[in-house]
Amino acid sequence: MCQVEFELACAAIKQLKGPVSDQDKLLMYSYYKQATLGDCNIPAPPDSDAKAKAKWEAWNKNKGMSKMDAMRIYTDKVEELKKNEAG
């Protein structure tokens, strides 16, 4: 796994035509943040902000995961989404 493959996956996900489930969007967000920033380093948002809270919780679940592992999982998931879209 290298940075170039990860960047290509980041570009490829924007080209998907079909709908991506909210669960998959949260997963992709969490692995992207882990791959680019590392462990979640922001305080939890208030419970009243459901969207921000869900994103924070998804990212925070990856705590301790290496950036390289997050890049690999992100890239694998993009490939899976591309295959599902192709049928």
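Student: Why is Tyr 32 called partly exposed?

Tutor: Tyr 32 has a relative accessible area of 35%. Buried means under 20%, exposed over 50%, and partly exposed in between (1.4 Å probe, protein chains only), so Tyr 32 counts as partly exposed. Keep in mind that this is a predicted model, where local features need pLDDT of at least 70, side-chain atom pairs count only at pLDDT 80 or more, and totals for chains, interfaces and linings use all residues. Residues are numbered from 1 along each chain as its sequence is written, and side-chain values use heavy atoms, leaving out hydrogens and water.

Student: Is Tyr 74 buried or exposed, and how do you know?

Tutor: Its relative accessible area is 4%, so Tyr 74 is buried.

Student: What makes the rings of Tyr 32 and Tyr 74 a pair, and why is the pair called tilted?

Tutor: Rings of Phe, Tyr and Trp (its six-membered ring) pair if their centres lie within 6.5 Å; planes under 30 degrees apart are stacked, over 60 edge-to-face, and the rest tilted. Here the centres are 6.1 Å apart and the planes stand at 55°, so this is a tilted pair. Ring pairs also link Phe 6, Tyr 32 and Tyr 74 into a cluster.

Student: How do you know that Lys 33 lies over the face of Trp 59?

Tutor: A charge sits over a ring if NZ of Lys or CZ of Arg is within 6 Å of the ring centre and within 35 degrees of the ring normal. Lys 33 lies over the face of Trp 59 at 5.0 Å from the ring centre. Likewise, Lys 55 lies over the face of Tyr 29, at 4.7 Å from the ring centre.
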